[in-house]
Amino acid sequence: MRCNIIILLIVFLKLNPFLSLIISAIFVGIFQGMPPITIVKSIEAGLGGTLGHLAIIIGLGAIFGKIKIGVTDLIDNTFYPCEG
């Protein structure tokens, strides 16, 4: 089931793969009947063992940084359409 959620989120909804993995982990935890705090601790333990405890913060920071750059380019192109 988790693989189907990941494929749906990445391929069809064009969501970032990092976010797709986190969202699918949350869905699997919910469908398994885990309490919310246990889901969060399980995701943190899984990522922590592999990437370190700051992986979620670094991953989300990179995503938000990309969004901010895209918005900045949009504003720049709107106000200065004739410049390079």
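1. A polar contact is a pair of N or O atoms within 3.5 Å; within protein, one must be able to donate a hydrogen and the other to accept it, and residues adjacent in sequence count only if both atoms are side-chain atoms. By this criterion, the side chain of serine 24 reaches the backbone oxygen of leucine 21 at 2.9 Å.

2. The model is predicted, with local features needing pLDDT of at least 70 and side-chain atom pairs counted only at pLDDT 80 or more, while totals for chains, interfaces and linings use all residues. Residues are numbered from 1 along each chain as its sequence is written, and side-chain values use heavy atoms, leaving out hydrogens and water.

3. The average pLDDT (the predictor's confidence in each residue, from 0 to 100) of the chain is 80, and 76% of the residues score at least 70. Among the elements of the chain, the highest mean, 90, belongs to helix H2 (residues 17-31), and the lowest, 71, to helix H4 (residues 55-79). Helices (H or I, at least four residues) are DSSP runs, numbered from the N terminus.

4. At the start of H2, the backbone nitrogen of phenylalanine 18 has a side-chain oxygen of asparagine 16 within 2.8 Å. Just after H2, glycine 33 adopts a positive phi of about 85 degrees.

5. Both serine 20 and serine 24 lie in H2. Leaving aside neighbours within four places in sequence, serine 20 is in contact (heavy atoms within 4.5 Å) with Ile6, Leu9, Ile10 and Leu15.

Conventions: Helices (H or I, at least four residues) and strands (E, at least two) are DSSP runs, numbered from the N terminus.
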